[in-house]
Structures are given as structure tokens and as C-alpha cells.
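I open my notebook on a new structure today. I will take one place at a time and write down what I find.

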Amino acid sequence: MNDKCKVVLSSVLVSQEESKYERGLIENAGFEFLFVPNENEEQFKKEIVDCDAVITADKKIPAEYIEMMNKCKVIARQGIGYDSIELVRSKEKGIAVCNIPDYSIQEVSDHTMALVLALMRHIKDYDRHTRSGIWDIKSIHTVDGYPAMRRFSTQTLGIFGFGKIAKLVAKKARGFGFRIIATDPYVSQKEADEYGVELVDFDTVLRESDIMTINMPLTAETKHKFNLETFKKMKKTAVVNTGRGPLIKEDDLYVALKERIISAAAIDVTEEEPLPKDHKLFELNNLIVTPHAAFYTSDSYEEMRRRACEEVIRVLNGEEPENRVNK
């Protein structure tokens with residue numbers, strides 16, 4: 001081991017072969033690079049004791065791990081959310097925690113709208129029916145019992161959270177003619193006016209929306225915000241989650257969909273990832289599940305990995321990171 005700063009990469013998004021990309025960026029900057037397989041927790045705990053930087057994706061880094069980091073100056077998250085990293089203790093130890101807050105906002109907003117349109121036009125259901133020999137435009141009602149399908153210009157899209165991604169969702173949804181309402185205690189009506197969006201309270205979004213999209217961060221306040229009590233306040237309508245998995249209490253979602261308290265849902269994020277193939281949610285025909293893929297295109301994937309490395313390089317060179325979340 002030499003006196004170069006040591007950077008540890010351990011990420012569910014990057015294999016050892018793929019990590020040649022990060023290795024090139026880090027070593028060209030003059031630092032030592034070490035890849036640790038994401039599933040090898042014991043090796044990860046061993047290597048972080050004397051590392052100067054960590055790059056990871058969804059790996060949990062609790063206070064216990066922070067205490068072990070005797071030299072670390074920065075933890076760079078390959079992605080937007082950072083709820084898996086202990087922020088308070090890392091700040092106390094002088095470790096900058098950084099994310100990449102805008103690398104995939106186009107992709108996530110596109111995926112959100114794709115799921116909204118797929119639910120409202122019943123793409124999955126029609127495909128399932130035609131493959132089974134049912135060629136009938138009304139099969140979504142006669143077979144599946146969905147409520148009347150309506151043109152988008154008669155429908156209200158409700159958005160929970162009105163950050164960067166949600167604003168792009170609103171901009172794209174306007175082109176389809178939706179009325180758009182949103183709830184976010186940290187956004188002003190003046191800001192929402194720029195996107196043709198009416199700000200209302202949480203229960204009003206539940207009550208008035210024909211379809212809803214969840215684009216809020218995961219906090220202690222928002223965890224399981226969407227539960228059976230919440231679903232019972234909705235119309236017999238649909239919900240899309242491209243935020244964080246634990247925003248929805250999945251056992252309650254299962255009941256709400258099974259009992260048709262709400263008509264359908266589409267989720268790109270789940271409480272447990274990946275979902276086991278025998279998970280009860282997969283029993284439901286009125287649910288679309290995608291594998292935490294909303295962020296993904298080859299463009300966003302490369303940008304995310306590059307910018308995470310760039311944050312590490314900045315900090316190790318004594319500069320301020322662009323996107324520190326534990327200031």
C-alpha cells in the first residue's frame with residue numbers, strides 16, 4: 001500500500017469488468033482505486049477503515065460504518081436518493097456525502113409518463129388479453145372490471161412532491177391535456193404557475209386526481225405515507241411510484257389492488273429490491289412493476305458514473321463538491 005489516496009467502489013450498478021471506467025478516471029487523477037463486489041460486505045467493511053473515499057449506489061452505510069472510517073473524506077452516491085447513508089454522523093466526522101441530483105431527471109420523468117400512459121390506456125391488459133385470444137376493445141371493462149377509460153383532457157393528474165423531476169412530469173403531461181395539481185409544502189404557487197400547476201393540500205390531491213404520481217423523497221415523515229388509509233381516500237383510480245420504494249406500504253398496496261379499492265398501480269421502486277419472483281405483488285394483474293429502471297439510459301448511466309468520480313476527485317484535491325447533501 002502506498003501513500004496515495006485510496007478510493008473504494010462497491011456498487012450494485014457496476015461489475016468488476018465495468019469498473020474499468022471508474023478505475024481509469026480515478027487513477028488518471030493520481031489516486032489508488034479498489035473495486036469491492038457489492039455483495040461482499042465483509043471486504044467492504046475491511047477496506048473502508050483506511051480508505052479516503054467511497055463510491056456506491058444503494059449500499060447501506062449506517063453510523064456503525066461511519067465510525068470505522070478513519071480517513072474517509074467523501075462518500076459519493078451514484079444516484080439521487082441518499083437515505084441509505086447516515087448523514088449526521090458523517091457530517092460530524094467531516095465526511096462529505098454527495099449525490100448526483102439531476103443526472104437522470106429527463107429519464108425518470110419520461111418513465112413516469114410512460115407508466116401513466118400505460119395505465120390509463122391499459123397497454124399491459126390489452127396485450128395480455130390479445131395474447132390469450134380476447135380481441136375486444138371493451139375487455140378491460142368486461143374482463144378486468146376497470147372503470148370507464150376517458151380522454152386525457154377530461155382527467156386530473158395529481159403529483160406528490162414538486163421538485164425537478166415532478167416539474168418535468170408536469171411539463172410533459174400538459175402536452176397531453178391533463179389538468180395538473182400537486183402538493184409540496186416547500187414550493188410556492190408562483191413557482192408552480194410556471195408549469196400550469198395548481199398547488200393544493202395532500203388530501204385534495206387524493207380526492208380529486210384520476211391518476212397520481214409520487215415524486216417525493218423518502219424521509220421519516222414520508223415513509224409509508226401511502227397506506228391503506230390513504231388509498232381509501234382516493235377515487236377508484238391509479239397511482240405511479242418512481243420515487244422511493246418505502247413511500248408505499250406494500251402490504252397495503254396489495255390489499256388495495258386485490259380488493260379494487262384503487263384500480264391499478266405502477267411501481268419502479270420497491271421496499272425490497274429485487275422483489276422475489278414469488279412475491280405476492282406479482283399475483284396481481286392490475287399492477288406494473290419495472291426493476292428500478294426509471295433512471296436508465298446509456299446516456300444517464302455514463303453521466304452518473306462519471307460525475308460520482310468527479311465529486312470524489314474534487315474533494316480529494318481539496319476542492320468543494322458540487323452536490324454535498326450533509327452541509
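**Entry 1: Glu311**

I began with Glu311 and asked what surrounds it. Setting aside neighbours within four places in sequence, Glu311 is in contact with Cys98, Asn99, Ile100, Pro321, Glu322 and Asn323. I note here that this is a predicted model. I found Glu311 in helix 13, residues 298-316. Is Glu311 buried or exposed? Its relative accessibility is 1%, so I count Glu311 as buried, the cut-off being under 20%. I then looked for a partner for its side chain. The side chain of Glu311 reaches the backbone nitrogen of Asn323 at 2.8 Å. I also checked a distance across the chain. Glu311 and Val240 are 71 residues apart along the chain, and 32 Å separates their C-alpha atoms.

**Entry 2: Val74**

Next I went to strand 4, residues 74-77, where Val74 lies. Val74 has 0% relative accessibility, so I wrote it down as buried. What does Val74 touch, not counting residues up to four places away in sequence? I listed Asp52, Ala53, Val54, Ile95, Ala96, Cys98, Val312 and Val315. Val74 and Ile55 are 19 residues apart along the chain, and their C-alpha atoms are separated by 8.5 Å.

**Entry 3: the nonpolar cores**

I looked up the largest nonpolar core and found 59 residues in it. Which residues have the most contacts inside it? They are Ile26, Ile55, Ile159, Phe162, Phe178, Ile211 and Val312. Another core lies apart from it, with 28 residues, including Ile181, Met212, Ile261 and Leu281.

Leaving out residues up to four places away in sequence, Phe178 touches Met113, Val116, Met120, Phe152, Gln155, Leu157, Ala173 and Ile211.

I turned to helix 8, residues 164-174. Its buried residues are Ile165, Ala166, Lys167, Leu168, Val169, Ala170 and Ala173. What covers them? The cover includes helix 5, strand 6 (156-160), strand 7 (179-183), helix 9 (189-193) and strand 9.

Helix 12 spans residues 250-258. I found Glu250, Asp252, Leu253, Tyr254, Ala256 and Leu257 buried there. These buried residues pack against helix 11 (228-233), strand 11 (264-267) and strand 12. Just after helix 12, I noted a positive phi of about 60° at Arg260.

**Entry 4: Thr213**

Thr213 lies in strand 9. I read 0% relative accessibility for Thr213, so it counts as buried. Which side chain does it meet in a polar contact? The side chain of Thr213 makes one with the side chain of Asn215, at 3.0 Å. Beyond its neighbours within four places in sequence, Thr213 is in contact with Thr112, Leu157, Gly158, Ile159, Phe160, Val169 and Val240.

I found Asp210 in the loop between helix 10 (202-208) and strand 9 (211-214). Asp210 has a relative accessible area of 18%, so it is buried, the cut-off being under 20%. A polar atom of its side chain lies 2.7 Å from the backbone nitrogen of Thr156. Apart from neighbours within four places in sequence, Asp210 is in contact with Thr154, Gln155, Thr156, Lys235, Thr237 and Ala238.

**Entry 5: the cavity**

How many cavities of 30 Å³ or more does a search of the whole structure find? It finds 1. The largest cavity holds about 50 Å³ of space. I listed some of its lining, including Ala118, His122, Asp125, Tyr146, Ala264 and Asn285. Helix 5 (105-120), helix 6 (123-131) and strand 12 (287-289) each supply at least two lining residues. Helix 6 gives the largest share, 3 residues. By class, I noted 7 nonpolar, 3 polar and 2 charged residues in the lining of this cavity.

Technical notes:
Residues numbered from 1 in each chain as written. Predicted model: local features only at pLDDT ≥ 70, side-chain atom pairs only at ≥ 80, totals over all residues. Heavy atoms only, no water. 1 Å grid on protein atoms, 1.4 Å probe; cavity = no way out; pocket = protein on both sides within 12 Å on 5 of 7 lines; lining within 4 Å. Points joined across faces, edges and corners; volume = space filled by probe spheres on them. Helix = DSSP H or I, 4+ residues; strand = E, 2+ residues; numbered from the N terminus. Nonpolar A, V, L, I, M, F, W, Y, C, P; charged D, E, K, R; others polar. Buried < 20%, exposed > 50% of the residue type's maximum accessible area, 1.4 Å probe, protein only. Polar contact = N/O pair within 3.5 Å; in protein donor to acceptor, adjacent residues only side chain to side chain. Contact = heavy atoms within 4.5 Å. Core = buried A, V, L, I, M, F, W, Y, C linked by side-chain atoms within 4.5 Å.
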